[in-house]
Amino acid sequence: MGLRSVLVAGVALFGSLTHAASSFSPARPPAIPLAVKGPYLNSWLQVGSDGGNGGYLAGEWPKFWSQQVTGWAGFIRVDGTAYNWLGAPGGADAVDQTDFSYTSTRSIFIMNVADKVEMNITFLTPVTPNDLRRQSLVFSYLEVAVSSLDGAEHDVQLYADVSAEWASGDLNAVITWEYNTADGVAYHQFQRQDQEDITETNQQANWGTWFWSTEDVDNLSYQSGEDSVVRSAFISNGALPNTDDTTYRAVSDNWPVFGFANDLGSVGSESVSTLYTIGMTQGGAISLLGEGPDLTTYPALWNDYFDNDIDAMTFFYNDYSESSSIATDLDNKVATDSLAAAGQNYLTLTSLSVRQTFGALQFTGTDADPLVFLKEISSNSDIQTVDVIFPAIPLILYTNPDILNYMLKPLFLNQENGHYPNTNAIHDLGTFPLAKGYPDGTDEPQPLEECGNMIIMVLAYAQKTGDNDYLTQHYPILKQWAGYLVDEALIPADQISTDDFAGSLANQTNLALKGIIGLRAMSEISDRTGNSDDASSFLDTANSYIEQWQGFGVNSAADPPHATLSYNDPDSHGLLYNLYANSLLGFDYDFVPQSVYDMQSNFYPTQALDYGVPLDTRHTYTKTDWMLWCASIASVETRDRFLQLIAGWIDSTPTNLALTDLYDAVSGNYPDGLQFTARPVAGGHFSILALP
């Protein structure tokens, strides 16, 4: 057992983890985002009872989304006595957490330290969809503000460190490090000694450079070295010796950590703040089979804005005031719009979804030609999964629809350059971060699903931006995919849909509806590009199909009537979430009759379980994104019922990982064998706000 394990297992030997009760607002989420800016900067505090500690920052190690520890520890000394405020390092009693709250970009903890001082601890991950320079920086802020609670002045020192665990998913990998300063910033730089570009171990990158930074000030001291040595130095002395351990070694070999200590001096009622940043830089980020016969490695987008990684890191650190202001604007926009659209329960969900969605995106390329790659976090780590981009698009359309263009570009580059032999749209481009595609056509077979998704998304982008040239550019392959829908959409063959975990099924009512709406979308695409004959043909087909679909897929004799899960099973039913696309594209009742909307809206409340409406009659599990798609086009009463169920689940679920989109609607826990976490489909929770 290594030192880390000893400290975790024996933490009671060193200090009490007994907590006073904390309040949680607007809810106590299953996991709290701490630093979530990309697929590799993705650190959370586990909360739910399946494995978390209830939402207390002290006494629990932050973890990567796939549950490896991202060592992050903090102590504060007040009048000579040390207390633990971050992580589970042992060695001191924990502070008392009195409050936690979150916004779209912030997680905020309030701590009481021995009734002497208060700590306001803010984890801020900026999300700047309309500012690619800032969005390209895979960094996050931690601000700690300290003030007196009792009116007296107190002698205070503050400490924080990160461990080498951030730099590798392989605990046997050797890490190198150094301490330096630049542009008013002091930083520990660390990285794997053996860089293995475009590869991962346990979902963490095998390449890149990590930076743990703070302000270069006179009251700062630093140290790198063995975790127990560095932390004990602060606990004993309130300062560090300004030394570097130069014995580079494996992550788990005496657990190297990189510490900062600040002597805050005498702290009174005026708050004293210390700012830290954590983040990473990479040169090449993604390899894609697109133009030409070979893989092209695309640089991380930050490279186009900064001369080197030190410049990028110091810019981010010194940009805190502006970045914080931009984040506040987004927080306020999401809050104002969510409350106006559907109330507090809706805001509870939307504000928890922003960092998670953007945290799955890798921005690459150049400012003139950006490409954004999505990682299908936790379900199978695919890159550019079409039916994971599709549920995420409400948030993308709400914040900056151009990003949808950047996300679809790699898919078009691969398929339009002849790297995919099938006539239907591809499912994904491989396993993140290697987008090598499927030249043999052996991707996961979801042909109807992905043809409908691609056409619907392309039109949604064009409607939001007015970019009809984009439609013309891709018209040949869009028409090819529409041809597949003409042949296959009305009577779907036995196949899987995006809910592949639920199994294969023929005659899927909901899947057919997606294909039919895709044909209606193709009619508008044809019209926008001057292909009038195609526009008429696709419209005629779509109108014919939607009429027939109502006969095949609706059980009008049921009480109450409802759409079926499959044509040949009148007692089956499910979430008819693909109807949302009809409203998103503005077709509304002119295409799918209002009677279908009203029928489903009336039906869903009759199927509600403790924490939601089941995905379909095969299981009791449900999905948050699809429930929100259904809620957004239902009556106010039905919409609010959905939101009440989901918000109640967030506040009480035993799940302990980053917000799952898939859970059992009876127990509120993960379904057997299915543990989705941190997936970008959380962007689908913005379905109400994305509607025209």
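Colleague: How are H10 and H13 oriented to each other in this model?
Modeller: In this predicted model, H10 and H13 are oblique to each other. Helix H10 covers residues 447–465 and helix H13 residues 509–528; the two pack at an angle of about 40°, and their axes are 8 Å apart.

Colleague: Is that crossing left-handed or right-handed?
Modeller: The crossing of H10 and H13 is left-handed.

Colleague: Which residues meet there?
Modeller: From H10, the contributors include Leu448, Gly452, Ile455, Ile456, Leu459 and Ala462. On the H13 side, Leu511, Gly515, Ile517, Gly518, Ala521 and Met522 are among them.

Colleague: And how do the contact residues of H10 with H13 divide into nonpolar, polar and charged?
Modeller: There are 11 nonpolar, five polar and four charged residues in that contact. The charged ones include Glu449 in H10 and Lys514 in H13.

Colleague: Changing topic: how many disulfides does a search of the whole structure find?
Modeller: Zero disulfides turn up in the whole structure.

Colleague: Cysteine 451, then: buried or exposed?
Modeller: Cysteine 451 counts as buried, because its relative accessibility is 0%, and the cut-off for buried is under 20%.

Colleague: What about cysteine 630?
Modeller: Cysteine 630 has a relative accessible area of 2%, so this residue is buried.

Colleague: One last residue. Where does glutamine 223 lie?
Modeller: Glutamine 223 is in strand S18, which spans residues 220–226. With 7% relative accessibility, glutamine 223 counts as buried.

Colleague: Which residues does glutamine 223 touch?
Modeller: Leaving aside residues up to four places away in sequence, glutamine 223 touches His188, Val229, Val230, Ala233, Leu240, Pro241, Thr243, Val257, Phe258 and Gly259.

Technical notes: Residues are numbered from 1 along each chain as its sequence is written. This is a predicted model: local features need pLDDT of at least 70, side-chain atom pairs count only at pLDDT 80 or more; totals for chains, interfaces and linings use all residues. Side-chain values use heavy atoms; hydrogens and water are left out. Axes are lines fitted to C-alpha atoms, for helices over the stretch in contact, and angles run from 0 to 180 degrees between N-to-C directions. Helices (H or I, at least four residues) and strands (E, at least two) are DSSP runs, numbered from the N terminus. Angles under 35 degrees count as roughly parallel, over 145 as roughly antiparallel, 65 to 115 as roughly perpendicular and the rest as oblique. A crossing is left-handed if the near helix is turned anticlockwise from the far one by less than a right angle, and right-handed if clockwise. Contact means heavy atoms within 4.5 Å. A disulfide is a pair of cysteine sulfur atoms within 2.5 Å. Buried means under 20% relative accessible area, exposed over 50%, partly exposed in between (1.4 Å probe, protein chains only).
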